[in-house]
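Here is a short briefing to read alongside the model. Please keep the viewer open as you go through the points.

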Protein chains: 2
Amino acid sequence: MSFVKSLKCRECGTEYPPIKIALCKKCFGPLDVVYDYDKIHISKTSFDNRPRTIWRYSELLPISDKKNIVDLNTGFTPLIKCVNLGKSLGIRNLYVKNDSVNPTFSFKDRPAEVAVSKAIEFGDSAVACVSTGNLAAAVAAHAGKANLPCYVFTPSSIESSKIAQIASYGAKIIPVRGTYDDANRLAYLASELYGWNIVNITSRPYYCEGSKTLAFEICEQLDWNRPDHVIIPVASGALLCAISRGFQQLEKVGLTKGEKIRLHGAQAEGCAPIAKAFTIGADKVLPVEHPKTIAKSIAIGDPGDGLYVLREVRRSEGVVGAVSDLEIVESIKLLAKTEGIFTEPAGSVTIALAKRLIEEGRIRRDDIVVCCVTGNGLKTIDAVSEYTFAFSEIEPTLEALSSSLG
Amino acid sequence: MSFVKSLKCRECGTEYPPIKIALCKKCFGPLDVVYDYDKIHISKTSFDNRPRTIWRYSELLPISDKKNIVDLNTGFTPLIKCVNLGKSLGIRNLYVKNDSVNPTFSFKDRPAEVAVSKAIEFGDSAVACVSTGNLAAAVAAHAGKANLPCYVFTPSSIESSKIAQIASYGAKIIPVRGTYDDANRLAYLASELYGWNIVNITSRPYYCEGSKTLAFEICEQLDWNRPDHVIIPVASGALLCAISRGFQQLEKVGLTKGEKIRLHGAQAEGCAPIAKAFTIGADKVLPVEHPKTIAKSIAIGDPGDGLYVLREVRRSEGVVGAVSDLEIVESIKLLAKTEGIFTEPAGSVTIALAKRLIEEGRIRRDDIVVCCVTGNGLKTIDAVSEYTFAFSEIEPTLEALSSSLG
């Protein structure tokens with residue numbers, strides 16, 4: 001059974017019953033799911049025999065009937081205590097939340113799993129998304145398991161290497177001539193015409209709920225303690241807002257309480273509209289027209305939740321910072337080398353920003369710090385290869401080996 | 001503390017203390033680790049509060065001091081009940097053991113984690129391996145975490161895409177002009193000269209122990225029941241032999257008992273020396289000189305454990321079968337589409353063989369069947385892309401969309 005009470009507009013406060021609705025009809029503001037917290041009775045021991053997936057927190061997820069759940073085993077990914085990396089950066093309690101080992105190898109399995117389950121609850125005949133990467137794979141895999149048709153709109157410039165994973169799950173890929181915006185517009189028209197549920201648009205309030213499970217898991221894996229700092233990659237900003245909401249909800253149901261959790265947003269310099277607004281103290285996020293960074297999966301020039309990221313970060317006394325492509329590659333290698341975790345550029349921005357915040361003294365030696373590593377390095381091999389590795393072959397002799405070792 | 005009693009030659013039975021030794025000094029036969037089963041007292045409840053990694057079975061792993069363990073969070077990967085795939089193939093109890101979500105995204109983390117830990121126990125100053133893929137990544141990541149130098153010998157024809165992951169972990173990659181055998185020979189000479197531990201050669205008896213944890217996990221995840229069939233990709237054959245040993249050890253310590261477990265070995269037609277020997281009833285495995293299959297990570301033409309695979313499979317009343325590259329690609333897509341699991345060709349051979357064994361009536365409708373999916377599809381995107389996906393872009397209009405949907 002569901003504890004969802006309503007959907008509530010983040011801007012004007014209008015409430016709606018939990019129907020299929022994308023935005024507030026009055027002011028086009030985003031809608032948040034509101035739960036009936038008084039009726040939710042869970043304690044730390046409630047979780048002892050629950051599945052080790054996002055569904056262990058079912059009271060705080062917006063699915064009414066568990067038979068609608070499309071379960072790929074998403075979530076409860078490892079929270080790795082990174083002793084080596086922490087030493088290298090100069091702190092003692094550094095953790096990585098490793099979503100590179102989710103079923104389709106990124107954090108996007110979380111929102112996709114909730115959204116596709118909700119599409120089934122709504123009786124939708126097909127799901128769709130506009131994406132060139134992690135989201136497309138996550139939605140396609142879940143649609144496959146649910147035996148629902150899936151349409152993935154992409155700009156036609158998409159790399160063929162990404163296509164293979166998405167298409168393997170059985171999705172129909174629609175490469176649209178033009179920009180990402182062109183693909184987006186066509187998807188919207190198609191959803192109106194064919195009734196497809198575009199998971200990150202049509203039922204966005206539910207979609208966004210999936211990502212907050214990261215907050216739940218982080219606290220539970222810290223034995224229900226709260227971290228001092230959480231560093232989160234920022235693209236549209238929906239992930240940071242969801243994690244913030246997750247931490248607040250844990251307090252509301254009485255599972256955690258304590259010190260402030262500082263939320264930090266990490267962007268790439270080549271596409272850092274929110275970091276820029278944060279730095280100059282602005283209340284407005286100016287779009288970046290031509291993003292240019294190897295961290296493509298966070299290169300959103302006009303972030304939908306930009307203002308809310310500023311609000312949540314300022315409220316929590318965190319920062320939004322931008323790191324260079326060189327720092328991103330160095331952080332990929334540092335994380336891999338010290339902890340054996342191989343992430344995509346969008347995941348390593350959090351390590352690069354942690355390094356800077358430690359150097360600046362904003363993170364102290366004994367603080368508990370969690371970096372969210374949101375995706376898998378195998379998806380972005382080219383981004384790293386370009387920057388990094390040159391080899392010369394040697395003859396198969398000990399002499400040649402010895403001189404190559406120097 | 002360790003329950004290791006000795007190393008015992010699989011051929012002549014000579015026993016050795018658990019030292020650093022690759023092969024039997026008398027007959028060059030492989031050495032198996034022997035445990036003192038009488039002293040091991042574990043029951044099903046022993047595991048309640050243990051780590052969800054291979055180290056939950058530490059009594060049956062050959063590490064003496066747990067401070068030597070290099071722990072990347074390897075193992076206890078999901079055993080997924082595949083209802084959709086089972087329906088499609090016509091059986092009711094089909095499971096996939098999904099090792100694509102191990103830390104470096106293949107089952108090789110299991111033997112690498114044990115071998116690198118053992119190298120530390122031996123006081124070795126560096127580790128190495130000869131590999132072009134999964135093993136190299138696993139050893140490199142573990143060496144990184146252990147802060148040990150790591151040398152990866154490869155034929156110089158290795159694809160640059162594979163290099164990026166391995167090099168990110170900080171390994172020194174040595175591309176050797178010539179064949180895989182040339183690289184292998186140079187690695188052996190280097191280990192003699194420099195004292196490097198080539199994990200899959202120098203301390204092979206320990207290395208092989210890691211993979212048997214698959215058998216332990218499968219039984220535990222089936223609530224300590226035994227499957228009727230386990231289908232395993234076969235390259236050198238070490239994996240199948242290790243899994244067989246794992247099942248036997250669980251019986252020896254009293255954790256399981258019951259019906260025979262049929263072990264089936266899956267090869268690719270383009271490199272199927274053991275399947276061929278099995279089919280013609282031979283007791284000799286004739287090497288394949290020029291392997292040719294998209295399942296490169298199991299394309300070993302002269303499999304070291306070929307005879308032992310024949311023995312274990314015949315003993316268990318299983319089969320060794322070979323599947324075509326087309327069946328491999330179709331199985332990758334079928335598994336992805338029905339269950340959202342994206343594997344490399346070497347993993348999907350097990351699905352293709354399951355399909356055939358069901359069609360032949362060797363696997364029956366109610367049998368409990370486990371397919372070992374040993375690696376991640378993101379590592380072999382090209383293998384699938386070539387075969388599969390052609391798209392034509394469309395204009396961003398509903399008319400164009402409608403005609404493309406047909």
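Is Pro62(B) buried or exposed? Pro62(B) is buried, with 25 other C-beta atoms within 10 Å; a residue counts as buried if 20 or more other C-beta atoms lie within 10 Å of its own, as exposed if 12 or fewer, and as partly exposed in between, with C-beta atoms placed from the backbone. This is a predicted model, in which local features need pLDDT of at least 70 and side-chain atom pairs count only at pLDDT 80 or more, while totals for chains, interfaces and linings use all residues. Residues are numbered from 1 along each chain as its sequence is written, and chains are lettered from A and ligands numbered from 1 in the order in which they are written.

**Around Pro62(B)**

- Pro62(B) sits in the loop between strand 3 (31–35) and strand 4 (79–81) of chain B; helices (H or I, at least four residues) and strands (E, at least two) are DSSP runs, numbered from the N terminus.
- Leaving aside neighbours within four places in sequence, Pro62(B) is in contact with Ser2(B), Val4(B), Pro18(B), Val33(B), Val114(B), Lys118(B), Tyr206(B) and Glu209(B); contact here needs C-beta atoms, placed from the backbone, within 7 Å.
- Asp124(B) is 62 residues from Pro62(B) in sequence and 16 Å from it in space, C-alpha to C-alpha.

**The sheet of chain B**

- Three strands of chain B form an open sheet in the order 2-1-3, with antiparallel pairing; two strands pair if DSSP finds at least two bridges between them.
- Strand 2 (15–16) and strand 3 of chain B are the edge strands, each pairing on one side only.
- Strand 1 (residues 4–9) of chain B runs antiparallel to strand 3 of chain B, and five bridges join them.
- Within strand 3 of chain B, Val33(B) is the residue that Leu7(B) stands opposite.

**How the two chains meet**

- Seven of the nine residues of helix 4 of chain A are buried, among them Ile163(A), Ala164(A) and Ile166(A).
- Just after helix 4 of chain A, Gly170(A) has a positive phi of about 95 degrees.
- In chain B, helix 4 (residues 160–168) is largely enclosed by the rest of the structure, because seven of its nine residues are buried.
- Ala187(B) belongs to helix 5 (residues 180–194) of chain B and counts as buried, with 27 C-beta neighbours inside 10 Å.
- Val130(B) is 57 residues from Ala187(B) in sequence but 7.0 Å from it in space, C-alpha to C-alpha.

**Core and domains**

- The largest nonpolar core has 284 residues, and Val116(A), Val139(A) and Ala140(A) are among those that touch the most other members; such a core is a set of buried Ala, Val, Leu, Ile, Met, Phe, Trp, Tyr and Cys residues joined through C-beta atoms within 7 Å.
- Beyond four places in sequence, Val139(A) touches Ala112(A), Val116(A), Val127(A), Cys129(A), Cys150(A) and Val199(A).
- Chain A is assigned domain 1 (1–39), domain 2 (79–105 + 208–387) and domain 3 (123–202), with bounds from an automatic or database domain assignment.
- Five residues of domain 2 of chain A are in contact with five residues of domain 3 of chain A.

How values were computed. Contact = placed C-beta atoms within 7 Å.
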